[in-house]
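Me: Hi! Could you walk me through this structure with me? I'd like to start with the charged pairs.

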Amino acid sequence: MGKHVLLVEDEMNIVEAIRFLLSREGWQVDTHSDGTSALDVIRARKPDLVVLDVMLPGKSGFDILEELRGSDETADLPVLMLTARGQSRDREMAEKAGVSRFMTKPFSNTEVLTAVRDLLYVHGQRT
Amino acid sequence: MASLNVLVAVSLAYVALLFGVAFLAERAGMRGRAGWLLRSPLVYTLSLSIYCTAWTFYGAVGYAARSGLEYVTIYLGPSLVMVGWWWVLRRLVRIGRSHKVTSIADLISSRYGKSNGLAIVVTLMAVIGVTPYIALQLQSVTASLSIFAAGGLAGSSDDGAAQAAGFWIAVGLALFTVLFGTRNLNVNERQHGVVIAVAVEAVVKLIALLAVGAFVVWGIAGGVAETLARIDASDLGIWEMDGSRWAGLTFVSAAAFLCLPRMFQVMVVENDDERHLQIASWAFPLYLMLMSLFVVPIAVIGLDLLPAGSNPDFFVLSLPLSQGQDGLAMLSFLGGFSSATSMVIVATLALSTMVSNHVVMPVFLHLQQGGATQSGDVRHVVIMARRLSILTIIALGYIYYQISGGSSALAAIGLISFAGVAQFLPAMLGGIFWRGATGVGALVGLGIGFAVWVFTMLLPSFGPGAALSVSTFETGLWGIGWLRPQALFGIEGLDPTVHAVFWSLLLNAAGFVLVSLVTFPQPLERLQGAQFVNVFEHSGQTRGWQASVAESEDLMIMTQRILGAREAQRLFQMAAEAQGRAGYLPEPTAVFLQQLERELAGSVGGATAHAMISQIVGGAAVSVQDLLAVADESAQMLEYSNQLEAKSRELSRTAAQLREANNKLMMLSDQKDAFLSQISHELRTPMTSIRAFSEILRDTDGLGPMEKSKYANIIHVEAIRLTRLLDDLLDLSVLENGQVTLNQQTGRLVDLLDHAVATAEVSEARPITFRRRRLEETVMLHTDLDRLSQVFINLITNAQKYCGSDAPELRIEVSRPEGAVLVDFIDNGSGIPPESRDVMFEKFNRIGAEDGSGAGLGLAICREIMARLGGDVRYLEGTGGTAFRVTLPQSQAVAAQ
């Protein structure tokens with residue numbers, strides 16, 4: 001059964017790379033590039049995992065994460081956050097907001113795959 | 001019978017004699033000779049005899065004839081002071097010497113913080129109080145002249161001539177006083193010549209009175225026993241004693257003895273040696289006793305022998321005259337003349353010192369504003385002021401004498417004067433014994449006492465209806481019953497003199513004490529108070545500046561400590577040489593001490609230097625001038641403190657500036673963090689794609705050639721993006737730091753725009769239609785053409801990238817308002833929302849950069865370049881699309897060929 005992953009990212013080349021990696025594993029990958037409407041898309045599509053960029057046009061990844069955690073429906077939704085800013089303060093903010101996994105760009109493909117796999121299966125078993 | 005002319009001649013001769021004596025004494029004193037005589041306790045004691053004026057010489061007999069033994073109170077008061085209150089005198093003398101006091105006004109004002117107001121009040125009170133007394137002397141001399149001329153009977157035909165003589169006597173006295181009192185200006189106001197003259201006069205008046213007495217007892221009555229029998233038989237023997245009057249008069253005499261300006265002059269100012277007081281304490285009462293010895297016999301015999309209606313005030317003169325003893329009468333006249341003249345001279349001298357020092361000089365200095373620095377000038381002014389004061393005071397006395405008409409009995413005038421100056425007593429004694437006494441208290445006490453004295457004694461003395469109306473006497477001032485001048489507060493039945501003395505001094509003392517208790521002394525006043533009250537602890541031995549060689553050594557040691565050994569030795573050796581002495585130890589003369597003090601003051605400050613020298617030389621305790629110097633130094637301290645405060649203010653200002661700078665730094669630091677974060681993002685983003693796709697290419701088997709090519713292309717594009725970003729960052733950094741060197745060239749605007757358009761068309765795939773009017777573009781520019789071209793390329797590529805129109809167009813318009821060159825780039829897109837227009841020139845602000853191809857540095861670079869070129873670039877509003885205007889200053893436009 002193909003897991004459903006929603007990728008929220010505005011850099012098209014990065015979207016292309018991650019989509020390639022995850023699709024190859026057999027997961028269904030949807031993409032979205034706007035921050036403002038991201039929340040609605042997540043609620044509508046109910047993915048098993050969200051890969052979330054921090055610097056999005058319209059709304060930052062932190063704000064989206066906070067709102068996800070604030071709602072019962074999405075409180076436990078696994079979220080893998082990616083950021084290019086790479087400051088320790090960002091990691092703290094993300095963890096405070098309830099991120100499931102936090103990764104700094106540029107990443108290695110293996111790391112991303114491992115993280116997504118962990119979140120999809122370990123997290124899924126727990127819930 | 002001697003004529004008036006003879007008398008005048010004798011008087012003149014006598015005055016000439018006194019003048020000679022005074023002159024010789026002065027000269028001897030200046031040459032340092034005859035010190036044994038000039039500074040002897042005998043002369044000191046005799047000089048005190050100016051207490052015995054014509055009032056005591058003539059008036060005592062009259063007093064006895066009218067009021068019996070009551071005249072004794074006038075002698076009793078001073079005797080009690082000399083014998084019983086010598087410790088008060090000693091304290092006064094010590095204070096006077098150690099503080100270089102010049103008068104009683106000076107004493108009181110010094111004590112109360114050098115208050116000039118107080119000095120003026122005391123001076124004026126003294127002048128008012130003593131003027132009747134001077135008048136009294138003139139009156140007695142004039143009267144004695146007329147009696148002499150009339151052969152023992154007052155009110156003769158020669159009265160007019162005697163009156164005229166009175167005027168010339170006043171003139172003569174004034175001249176004598178001016179000549180001797182103001183010949184030179186001594187620091188300590190001492191007048192040796194005058195003192196000697198006074199002493200001679202004291203001897204003359206004593207001998208005269210004793211001679212008349214002896215003549216009366218042995219020549220007329222026929223022996224001591226017969227005289228006593230006559231006294232017993234007379235009314236005088238059974239005179240009743242009024243206790244309150246006795247006590248009151250004795251007290252007033254004692255107080256006046258201490259407070260009279262002339263007594264203060266001879267007793268304190270002219271005192272050379274404190275030990276003289278010891279001898280005077282018995283010698284002066286002895287003198288007074290001798291003076292009073294024959295008063296009663298003369299009075300009794302005079303009443304017996306002379307016709308009824310004879311003025312008993314002049315029995316001393318009229319008795320010998322009536323017996324044909326012209327020689328004795330002449331001696332008696334000279335005695336009275338001596339009494340009068342010595343009193344007038346010394347009193348006038350003392351008063352003129354007060355007037356010139358406390359009234360004229362302050363006014364003069366105030367008017368001069370800094371004239372005090374011209375010392376020679378001021379000395380001249382002081383002497384002139386003193387001479388004028390003398391003339392004025394004697395003139396006042398003469399006028400008073402003319403107005404009062406010489407009607408009152410001598411003793412009455414004397415008592416008024418005594419009671420007036422006695423008002424100084426509370427302030428003076430309080431000042432030297434009570435540290436709590438304040439200047440305000442002294443002023444209030446003096447004011448009240450003086451007012452009461454004027455109201456109850458001076459004004460009534462002119463008689464009812466003269467100065468005060470009859471109704472005032474009967475029903476009180478303004479009809480208030482308890483303000484009757486001779487029955488204050490409704491207390492009646494007291495003798496008027498006792499009444500006046502009692503109330504004036506009681507209210508004076510009460511006001512002084514009460515106000516002192518409720519007011520606080522000024523700092524200087526407090527210092528002076530402590531100095532005065534503890535004068536014996538402060539001053540040690542009164543040696544003045546007389547010092548021994550041992551002190552020179554001490555001074556040397558002290559000076560070495562401050563100036564260093566070599567400088568001190570040089571100073572002392574020079575001083576010794578100047579004195580004509582060998583070696584290093586000069587005589588510690590006043591001159592040397594002053595010089596030394598100046599030298600030391602340069603190192604340790606004036607007040608400290610003086611205090612140090614005083615410690616070694618002793619004697620001179622801290623004087624008013626010293627205290628003023630201390631006050632000056634305090635003022636300097638205050639100034640330092642002010643400076644410190646200013647410094648402190650400056651520091652807090654600096655601290656505020658530092659805080660501000662720190663805040664700015666913090667802000668900059670935050671900006672730097674944000675910038676780094678942005679750079680990190682901009683670098684990591686292409687890096688992420690590059691890394692992801694390179695890993696895909698490496699790790700993925702079986703990728704089709706299409707995919708391989710696509711992914712390799714992405715890596716390529718991102719690498720270029722990364723390179724451009726780094727180029728832009730470095731470019732911006734150089735521009736922002738101002739390190740850029742402009743390469744000024746001349747070229748045509750149209751060529752620059754052609755180049756920019758061509759470059760943009762090559763680099764970017766997206767086509768855009770350009771609309772230009774080449775004719776307008778034919779402008780010659782002189783500027784950095786490469787940089788300007790960079791700006792144009794940036795703006796054109798921005799339009800290519802972000803113009804949202806389906807058929808993108810870019811209009812390039814050139815205009816030349818007022819010589820400047822404007823180049824507008826206007827596209828047909830949707831424009832930039834107003835809220836973004838301000839921030840779009842900032843770094844990393846990508847407005848609508850959805851394709852991720854720019855780092856948001858382009859406009860920031862454009863802005864920096866235009867700033868360097870002296871122009872600017874800004875968003876042009878109101879065109880519909882996105883529009884930028886580049887402005888070049890007129891100076892860069894070269895006139896078209």
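This is a predicted model: local features need pLDDT of at least 70, side-chain atom pairs count only at pLDDT 80 or more; totals for chains, interfaces and linings use all residues.

Me: Where do D824(B) and R885(B) lie in chain B?
Reply: D824(B) is in strand β7 (residues 821–827) and R885(B) is in strand β9 (residues 883–888), so the pair ties together parts 61 residues apart in sequence. Strands are DSSP runs (E, at least two residues) and helices are too (H or I, at least four), numbered from the N terminus.

Me: Is D824(B) buried or exposed?
Reply: D824(B) is buried, with a relative accessible area of 5%, while R885(B) is partly exposed at 23%. Buried means under 20% relative accessible area, exposed over 50% and partly exposed in between, using a 1.4 Å probe and protein chains only.

Me: Quick check, how are residues and chains labelled, and what gets counted?
Reply: Residues are numbered from 1 along each chain as its sequence is written, and chains are lettered from A and ligands numbered from 1 in the order in which they are written. Local features need pLDDT of at least 70, side-chain atom pairs count only at pLDDT 80 or more, totals for chains, interfaces and linings use all residues, and side-chain values use heavy atoms, leaving out hydrogens and water.

Me: Thanks! Which residue forms a salt bridge with E777(B)?
Reply: That's R772(B), with the closest N and O atoms 2.8 Å apart. E777(B) is buried at 1% relative accessibility, and R772(B) is partly exposed at 22%. Both belong to a network of salt bridges that also includes D754(B) and R774(B).

Me: How many salt bridges are there over all chains?
Reply: The count comes to 24.

Me: New topic: how many residues does the largest nonpolar core have?
Reply: It has 160 residues, and those with the most contacts inside it include L48(B), I298(B) and F424(B). A nonpolar core is a set of buried Ala, Val, Leu, Ile, Met, Phe, Trp, Tyr and Cys residues joined through side-chain atoms within 4.5 Å.

Me: Which helix gives the most to this core?
Reply: Helix α10 (residues 192–221) of chain B, with 17 residues.

Me: And what does I298(B) touch?
Reply: Leaving out residues up to four places away in sequence, its contacts (heavy atoms within 4.5 Å) include V61(B), V212(B) and F315(B).

Terms used:
A salt bridge is a side-chain nitrogen of Lys or Arg within 4 Å of a carboxyl oxygen of Asp or Glu.
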